[in-house]
Amino acid sequence: MATENTSTEMLEELNEIFSKMNDANKAKRRKALEKYNEVVFESEISKNERELSDILTHSIASLVPRLSDQSEMNRINACNILLKFIHLNVFDEKLLIDVIPVIYHRLGSAVPQIEESEEVRLLYINVVAEFVTLFQGKLIPYMNDVINILKVSVLDPSPEVRRAAAECASAFAKAAREKFHMQSESLVKPLTKGLGHQRFKNRIACINALGDILLFGDGKVIKDVSGPMAQCAMDLPQVRLVLVTVGGTLAKEMPDRYSYWHYILPLFLFGLTDEDNDVREKAKTLWSEVGKQYEMENEDQLKEEMDFGMETSHYPSGESCPGVGCRTLVYRSIHHILPGLLGDLDDWQAGPRLQAAKLLTTLVLNAEKKITQYAERLMVALNLAAGDKEENIVKQVLLCSEYLGHFLPPATYLKLVLPRICAAEKGERPLKILAALLRGSPDDLVNVEVTTICQTISSDDVAHVYDSDHQEALLDLITVIIQKCDVQENSYGLFCTLLFIASSSGYPDIVKDAQEQLGALALKCNLNCVENLYQQHLKAVLIDFQSSAESWLEHTPRFQMFIGLLEFGDMALGSEVELLVKVLCTCVPTKHDALVSLKCITKMQQLLVREDCPLQSQNQLGKHLPKFVLECIAVFLPWHAGMTAASLRTAALACFVAVCKVRGIEEQLNNEVKHCLTLMPALIEDEAEDTRRLACEAVYLIKSYYPLLIDSDVLHRLADKFVGRLDDVQAAVRLRAANVLTLLFQTLPENYDATLQSARLQDLYERSMIFLDDPDIKLQEAVLGVLYEMGRVSPALLMGVLENGCHKYRNKQHCLKLIEDTKALTLQG
């Protein structure tokens with residue numbers, strides 16, 4: 001009786017609360033809800049499930065209207081009360097028909113939603129989620145309302161509501177799996193939009209929900225969701241991990257997965273190359289499980305492969321060979337995956353391009369030799385992607401190409417790559433791809449094709465390209481060829497190609513790499529050093545140069561190579577001096593391009609002045625140097641107007657000075673030096689300082705090594721010019737002229753008659769004496785020495801000149817000293 005009395009009292013109190021719940025005053029309704037919460041859940045009754053169930057049944061008619069109360073707080077309190085009943089497991093299935101329509105009315109029946117409060121909307125979704133958890137499949141009769149609630153809520157402005165709705169959708173898909181496929185498609189579009197939400201937890205909830213929709217709903221919607229889901233492969237590691245998990249689950253459990261492998265596999269295969277370790281390990285585990293499951297499900301079809309294996313002997317190092325199931329899955333799906341994947345390689349965003357390159361690498365590894373039938377399409381796409389602006393994408397593309405080289409025979413891919421190289425189609429791209437392919441191919445197979453490859457890359461269209469990217473790619477390719485192949489029979493073409501790169505590049509790193517590869521080529525050809533490689537091919541190269549030298553311009557490839565040969569040939573050049581001089585005599589005197597002549601003369605001058613004298617290594621220089629002097633130097637020494645002609649005169653004179661310094665060939669050069677000597681007086685007075693200075697140097701050397709060429713008349717003509725140079729604007733020229741004058745009169749020509757030359761001597765003495773008063777003390781000292789040497793020719797004549805003019809000078813001490821020295825000479829005479 002006590003219990004019955006208590007229940008009666010409770011019902012009376014509840015009836016009084018219900019009456020207030022329906023009051024027009026929202027404050028009274030709120031207090032009624034609070035009182036209801038206190039009476040029901042804070043008393044002993046809360047421990048009795050049966051009584052709570054009866055109370056809920058008795059209360060539902062009053063509580064449900066409060067779910068749509070005008071007061072937000074009242075709606076919140078009503079939702080919380082319902083949630084407490086649900087958590088206490090006393091909510092009866094019969095009451096769903098009262099609650100769900102109200103929530104549907106508030107959330108899913110109008111646009112915009114009737115419910116404005118984010119907090120209340122979240123509570124509504126929580127109530128629905130609790131119903132799903134509690135009643136599972138019993139909610140199927142209310143599927144239409146629940147679906148409408150969720151498809152609106154997953155696009156709610158509130159991130160919390162969105163996430164709760166997505167999680168609820170996932171739970172409802174599992175709970176209503178028997179009939180869910182009838183309504184599942186309506187959730188796909190809003191959940192797909194949710195994949196782009198700024199909060200990663202919301203994106204994760206949407207991925208999980210879409211995965212469950214595909215598992216328990218209509219599988220055909222994977223055509224619409226696989227693309228947006230795959231874009232999450234560029235998301236945060238947490239999101240990528242969930243995507244891999246969902247993709248792997250679909251691959252193992254999706255009922256109609258056999259019809260949609262090409263949509264499922266990209267959702268988790270990307271993880272095999274993910275930079276995050278957790279994602280990568282999860283993907284590896286799932287892929288192995290999927291492959292084994294496929295083997296079990298198709299054991300009869302795969303029995304032969306499983307028994308005898310499909311192992312590839314030449315497999316990329318660092319990569320483990322996938323199982324039979326994995327490889328079969330990829331092979332049977334790749335024709336569906338490739339078109340879209342190759343299209344993504346040309347996407348306008350870098351992210352999709354990178355993911356496409358990574359996934360393509362994975363597919364190549366799994367398809368192995370069966371990728372051959374797609375070789376042409378792959379080459380087109382890889383060739384395009386190899387020119388990507390993003391370095392990491394190019395790196396991945398080249399890795400993919402290298403893996404491809406493990407499975408495609410060179411005879412197959414060369415037919416596709418070499419024509420692109422010959423067509424100069426973005427030259428560096430096919431070169432990069434070919435280098436990567438060769439890097440992955442077995443050495444023995446590459447050796448079979450090495451001649452074809454070398455002939456292609458050493459052709460003028462491929463080898464003689466100035467673009468730095470092209471040259472870098474070509475160097476990389478040649479490096480691979482030298483490392484993997486026997487290149488002795490093809491060393492000439494490789495040598496010429498490397499010589500051009502080393503000669504023409506303006507980038508020191510490229511030049512250095514080219515020289516290093518020349519050294520590697522020499523070693524591969526069993527030669528001791530790179531000089532031997534130059535010597536081996538020098539004759540053939542020079543013969544080739546001679547045929548076109550007459551028409552060379554500054555940027556002619558073979559001219560660039562010739563200059564490089566002069567710069568890098570070193571000791572090897574001495575073995576073919578005759579051919580070298582023939583080429584010089586063919587290209588230097590021509591007037592097509594003055595810079596050709598200038599560079600050749602300059603390089604030759606640098607060779608001649610080297611201490612090791614490489615051009616004399618075979619003692620052939622003396623036979624052929626006269627021809628060079630006469631045809632390549634002397635022709636530029638006469639004066640011609642213009643800056644170009646002035647530069648050529650200076651360079652030719654510098655080269656002539658270098659020739660004069662070469663020892664041991666004086667007799668063979670007598671006539672040529674004599675011819676050049678007749679041009680020196682004009683050169684001594686040239687406008688260019690360097691030319692005047694070099695002319696002084698040339699006369700000095702001629703006097704030193706060819707003294708017989710200077711007779712009395714030549715001596716005085718030269719001396720007259722050098723005295724004039726004592727007044728030069730450049731101090732260096734003045735001092736050098738004084739030194740040459742001193743040398744000229746130290747030893748006089750045979751049969752020199754001072755009496756006959758007295759007038760000339762007196763003129764020299766008088767003009768030279770002026771510079772004893774020069775402001776430059778060094779010049780004063782030098783002129784003093786000049787006058788002393790010239791005075792030894794005719795001391796009496798000099799004495800007279802000195803005594804007549806001494807009183808005119810400020811620095812009389814020089815005159816007085818010179819008079820004393822001259823007197824001593826007179827006494828000796």
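This note goes through selected features of the structure in numbered points.

1. Basis. The model is predicted: local features need pLDDT of at least 70, and side-chain atom pairs count only at pLDDT 80 or more, while totals for chains, interfaces and linings use all residues. Residues are numbered from 1 along each chain as its sequence is written, and side-chain values use heavy atoms, with hydrogens and water left out.

2. Negative patch. On the surface, D467, D469, E472, D509, D513 and E516 gather in a patch of negative charge. A patch takes residues with over 30% relative accessible area and no salt bridge, and joins like charges within 9 Å or nonpolar side chains (Val, Leu, Ile, Met, Phe, Trp, Tyr) within 5 Å. Asp and Glu count as negative, Lys and Arg as positive, and His and the chain ends are not counted. A charge is placed at NZ of Lys, CZ of Arg, CG of Asp or CD of Glu. Accessible areas come from the Shrake-Rupley method with a 1.4 Å probe, and for residues only the protein chains shown count as cover.

3. Where the patch comes from. Helices α25 (468-484) and α27 (508-524) each supply at least two residues of the patch. The most comes from α27, with three residues. Helices (H or I, at least four residues) and strands (E, at least two) are DSSP runs, numbered from the N terminus. E472 lies in α25 and is partly exposed, at a relative accessible area of 46%. Here buried means under 20% relative accessible area, exposed means over 50%, and partly exposed is in between (1.4 Å probe, protein chains only).

4. The structure holds 18 aromatic pairs. One of them is F131 with F135, a tilted pair at 6.1 Å centre to centre and 50 degrees between the planes. Rings of Phe, Tyr and Trp (its six-membered ring) pair if their centres lie within 6.5 Å; planes under 30 degrees apart count as stacked, over 60 as edge-to-face and the rest as tilted. Both residues lie in helix α6 (residues 118-135), four residues apart, about one turn of the helix. F131 is buried, with a relative accessible area of 1%, and F135 also counts as buried, at 8%.

5. An aromatic pair across the chain. The ring centres of W261 and Y294 are 6.1 Å apart and their planes stand at 80 degrees, so this pair is edge-to-face. The pair links distant parts of the chain, with W261 in helix α13 (residues 261-264) and Y294 in helix α15 (residues 277-297), 33 residues apart. Both W261 and Y294 are buried. Elsewhere, one aromatic cluster is formed by F18, Y36, F41 and F85.

6. Salt bridges. A search of the whole structure finds 37 salt bridges, each defined as a side-chain nitrogen of Lys or Arg within 4 Å of a carboxyl oxygen of Asp or Glu. In the bridge between E115 and R106, the closest N and O atoms are 2.8 Å apart, and both residues are buried. R203 bridges to D235, with the closest N and O atoms 2.6 Å apart. This pair links distant parts of the chain: R203 is in helix α10 (residues 200-216), and D235 is in the loop between α11 (222-230) and α12 (237-253), 32 residues apart. R203 and D235 are both buried.

7. Further salt bridges. E789 forms a salt bridge with R792, the closest N and O atoms being 3.9 Å apart. E789 counts as buried, at 12% relative accessibility. Salt bridges that share partners also join R29, R66 and D69 into one network.

8. Separation in sequence and space. S597 lies in helix α31 (residues 594-608) and is buried, with a relative accessible area of 1%. S597 and E297 are 300 residues apart in sequence and 79 Å apart in space, C-alpha to C-alpha.

9. Positive phi values. Most residues other than glycine have a negative phi. N526 has a positive phi of about 65 degrees although it is not a glycine. N526 is in the loop between α27 and α28 (530-548) and counts as exposed, at 59% relative accessibility. N751, also not a glycine, has a positive phi near 65 degrees. N751 lies in the loop between α38 (731-744) and α39 (758-769) and is exposed, with a relative accessible area of 71%.
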